[in-house]
Amino acid sequence: MARPAALKTNEPGAPAADRGVRDAVRRWQDQLASERRASAHTVEAYLRDVTAFLEFLQVHGGELPTLESLSELRTSDFRAWLASRVGDGYARTSTARALSCVRMFFRFLDREGLGHNAAIGAVRGPRLPRSIPTVSYTHLRAHETGR
């Protein structure tokens, strides 16, 4: 998805958002690493998903997301983001993880008193394929012979 260069006004690597949101993202990132003891790779992946969401909002809304604008998002805004991910060719599993990260970020905002958005709770994630459990031949053979 092409992003208008004129809208991006942040330092490199920072989420496309105003200072309040960027500070909240940093605090959330610190909380993930310190309190939840998430690995550096997990924190990086979560941050990448939330940053991509904020970049979508910048294009979708035409301005940098603020804490206030995050609180005012409607279910249709979240669905538009999910639809854009489908259009960009993301796997359903990746989109489900991204939605989970965004929900986690919104729960953090709510807990910290930085904003509340009930609309995200009404958003359903993509249906994930169900896999059939497999049995290895070695396990099956051991079971048959009683070993």
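Reply: Happy to! A contact here means heavy atoms within 4.5 Å. Helices (H or I, at least four residues) and strands (E, at least two) are DSSP runs, numbered from the N terminus. This is a predicted model, in which local features need pLDDT of at least 70, side-chain atom pairs count only at pLDDT 80 or more, and totals for chains, interfaces and linings use all residues. Residues are numbered from 1 along each chain as its sequence is written, and side-chain values use heavy atoms, with hydrogens and water left out.

The part to look at is helix 2, residues 40-61. The chain around it has six helices and zero strands.

Start with helix 4 (residues 75-87), whose axis comes within 11 Å of that of helix 2, the two crossing at roughly 110°. Axes are lines fitted to C-alpha atoms, for helices over the stretch in contact, and angles run from 0 to 180 degrees between N-to-C directions. Helix 2 and helix 4 are therefore roughly perpendicular (65 to 115 degrees). On the helix 2 side, Phe-53, Phe-56 and His-60 take part, meeting Asp-77, Phe-78, Ala-80, Trp-81 and Ser-84 of helix 4. These residues divide into five nonpolar, two polar and one charged. Ala, Val, Leu, Ile, Met, Phe, Trp, Tyr, Cys and Pro count as nonpolar, Asp, Glu, Lys and Arg as charged, and the others, Gly among them, as polar.

Now turn to helix 5 (residues 92-111), which packs on helix 2 at about 85° with the axes 9 Å apart. That again makes the pair roughly perpendicular. Here Ala-45, Tyr-46, Asp-49, Val-50 and Phe-53 of helix 2 meet Arg-97, Ala-98, Cys-101, Val-102, Met-104, Phe-105 and Phe-106 of helix 5. By class, this contact has ten nonpolar, no polar and two charged residues.

Most residues other than glycine have a negative phi. Arg-37 is exposed, with a relative accessible area of 72% (exposed is over 50%, buried under 20%, partly exposed in between, with a 1.4 Å probe and protein chains only).

As for confidence, the mean pLDDT of the chain is 84, and 82% of its residues reach 70 or more; pLDDT is the predictor's confidence in each residue, from 0 to 100.

Key. Parallel < 35°, antiparallel > 145°, perpendicular 65-115°, else oblique.
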